[in-house]
Number of protein chains: 2
Amino acid sequence: MIETRRKLIDGTIATLRDKGIAGTSARAIAAAAEVNQALVFYHFGSVDALIDQACREGAAERVEFYRSRFSQVSSLRELLALGQELHAQEREAGNVTVLAQVLAGAQQDANLADAARHALLLWVAEIETALARLLVGSPIAELADPAGLARAVTAAFIGIELYEGVDSAGAQNALSALEQLTLLTEIVEDLGTVGRRAFLSRIRRTHPALRPLHDSGSSTTRSEIESD
Amino acid sequence: MIETRRKLIDGTIATLRDKGIAGTSARAIAAAAEVNQALVFYHFGSVDALIDQACREGAAERVEFYRSRFSQVSSLRELLALGQELHAQEREAGNVTVLAQVLAGAQQDANLADAARHALLLWVAEIETALARLLVGSPIAELADPAGLARAVTAAFIGIELYEGVDSAGAQNALSALEQLTLLTEIVEDLGTVGRRAFLSRIRRTHPALRPLHDSGSSTTRSEIESD
DNA sequence: GTCTATAGAGGGATAGAC
DNA sequence: GTCTATCCCTCTATAGAC
C-alpha cells in the first residue's frame, strides 16, 4: 500500500530529526511511522535505502515548496530574508536537520553520499538561479561566481543549522553577520556611477586574472540533478 | 596508565573520522587504539564520556598548534589562506571531520552538545581575535561584527567540510567563492580617501541604525571558554 | 591497570503464517 | 501487504580473575 510507504518516509524524517543518524534504526522508524518493523525491509530492502529515499524525497518536496518564493526574490537582501525564514520554518519541521544528519552519515557511506549530494544540489540550484539573476548588471558580478557562491551559502546554512543545535545564540550572531555581508554588497551596488567606475577599475587593476565568469562550465543545470 | 588514556583518545578521533558518529562504539574505538575494550569504561566510564573528552582535547590541541599562525596573520586574504591550509591539513588528520560528527551527535545529546560548543568556541575565539585586529581602522568595521563573523566562518567551515565528503569539486567551488568575498572586502578597503568617505557616508545614510559595534558584549573572552 | 567472560538490550534482516 | 517470531550479530556495561 502506498500509504505505508508514505508513513515510512515521514517516520524516517521524524526519526532522523529526533534521534539523529546514530539513533535511526528500523525499529525506531517503524515506531515513529506506527507500522510494523518488517515493512521497512519489504518496501525498501534496507534501512540505508529508506534513509536514502527519505532524504531525496524530503528535499525535493521542500525545494518545490519554496521554488516560487525563490523566483520572486528581487534583491540579495530579500534572498537572505527568505533564507532566514526558511531556516526558521524548516528547523521546526526538521528538514534541514535531516539533511545535516544524512550528510554526517554520508561521510563514510557511498550510497548515502549520493543521496546527500543530490538533495543538496536541489537547494544549490535554486540559490544559484536566484543569484545569477540578481547579480546581472551588478559590479559584483565581475567578482562573484554564482555557482560557487550558491554552494558556499548552502554549506554555510548546514553548518549554522548544526551550530544552532549546540549554541542557538551564537548561531543567531552568525546569521546577523551574513546579513551584514549582504549590506556590504548592497552598498557596493549603490555606489553611484563614479564609485562604481572606481570599483570596477580597482578590480581590473588589483586582480587582472579575473574575467567575466560566465565560461566556467560549473553552473548547475536541471539535467545534472535529474539523473536518478 | 596515562599511555592507555592517550591511545583511547587518539583511537576515538580515528574512529569518528573513519566510521562516523554512528559507527563509533567501544569495540571500534578499542580496536583502533589497540587496547582492550573494557578499558574504555575503566578510564572514561562510558563511550559518550570518551567521545566528549576526545572532542575537547582534540580541538584544544589543534587550536594550540595554529595559535601562533593566527596571531601572525596581517590581512583578510592571509586569514583565508590560513583557513584553506588548515582545511587541507586537518582534513587528512580528520580533526574537523571529528568536530562535524560530534556536532551531528550533539543535536540529540546535551552532554555532547556541551563538548561540541566548547570545542567550537576554541576555534571561534582565535578567528574572532584575528578579525577584530584586522578590521581596526577598516571601513568594514562599521558594518562587521567580529563575533558574529567568526561564528559564521566557523559554521561555514564545518558545513563545507561535510559538503566536501559528498562533493569535493563543489566544496572547492564554495571555497573559491569565499575567496572572492574576501577580495570584495579588500577592494572596499583599498578605495582610497574619496571612495572610503563615500562608502562611510553611504553606510550612515542607508543604515543609520548601525553604530560602531564594540559595545555588543558578545565578544568571546578566554574566561568564557575555560569554564570546565 | 588490564584481561576474559558474559549478561542483557537492541540492532538488521528473514521465514512463514495470514 | 502485513504480521509474528526468530536468528544472529553487535552493542554497553559489569563481574571477577590476574
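**A buried aspartate and its surroundings**

Mentor: Leaving out residues up to four places away in sequence, B:Asp52 touches B:Asn111, B:Leu112 and B:Ala115, a contact being heavy atoms within 4.5 Å. This is a predicted model, in which local features need pLDDT of at least 70 and side-chain atom pairs count only at pLDDT 80 or more, while totals for chains, interfaces and linings use all residues. Residues are numbered from 1 along each chain as its sequence is written, chains are lettered from A and ligands numbered from 1 in the order in which they are written, and side-chain values use heavy atoms, with hydrogens and water left out.

B:Asp52 belongs to helix H4 (residues 47-72) of chain B. Helices (H or I, at least four residues) and strands (E, at least two) are DSSP runs, numbered from the N terminus. The relative accessibility of B:Asp52 is 13%, so the residue counts as buried; the scale, with a 1.4 Å probe and protein chains only, sets buried at under 20% relative accessible area, exposed at over 50%, and partly exposed in between.

With a relative accessible area of 27%, B:Gln108 is partly exposed. Apart from neighbours within four places in sequence, B:Gln108 is in contact with A:Leu16, A:Arg17, A:Asp18, A:Lys19, A:Gly20 and A:Gln101. A polar atom of the B:Gln108 side chain lies 3.3 Å from the backbone oxygen of A:Arg17. A polar contact is a pair of N or O atoms within 3.5 Å; within protein, one must be able to donate a hydrogen and the other to accept it, and residues adjacent in sequence count only if both atoms are side-chain atoms.

That leads to the interface itself. Chain A brings 58 residues to the contact and chain B brings 57 residues. The size of an interface is often given as the accessible area lost when the parts come together. Here about 4,800 Å² is buried between chain A and chain B, and carbon and sulfur atoms give 71% of that area; buried area is the accessible area (1.4 Å probe) that two parts lose on being put together, summed over both. Within chain A, the residues that lose the most area to chain B are A:Val166, A:Leu184 and A:Ile187, together 13% of what that side buries.

The rule finds 12 residue pairs in polar contact across the interface of chain A and chain B, both residues at pLDDT 80 or more. It finds 0 salt bridges there, a salt bridge being a side-chain nitrogen of Lys or Arg within 4 Å of a carboxyl oxygen of Asp or Glu. Several helices of chain A each supply at least two residues to the side that touches chain B, among them helix H1 (2-19), helix H7 (110-135) and helix H9 (168-189). By class, that side of chain A has 31 nonpolar, 14 polar and 13 charged residues; Ala, Val, Leu, Ile, Met, Phe, Trp, Tyr, Cys and Pro count as nonpolar, Asp, Glu, Lys and Arg as charged, and the others, Gly among them, as polar.

As for the fold, chain A has 11 helices and 0 strands. Of its 228 residues, 54% are buried. Among contacts in chain A with a separation of 6 or more, 70% join residues 24 or more positions apart.

An N or O atom in the side chain of A:Arg27 is 2.9 Å from a base nitrogen of DNA strand C. H3(B) gives the most to the surface near DNA strand C, with 3 residues.

Around DNA strand D there are 15 residues, of which A:Met1, A:Thr4, A:His43, B:Ala26 and B:Arg27 come nearest. Phosphate oxygens of DNA strand D lie 2.8 Å from a polar side-chain atom of A:His43 and 3.1 Å from one of B:Ser25. H3(A) contributes the most to the surface near DNA strand D, with 4 residues. That surface has 8 nonpolar, 6 polar and 1 charged residues.

Key
Near = heavy atom within 4 Å.
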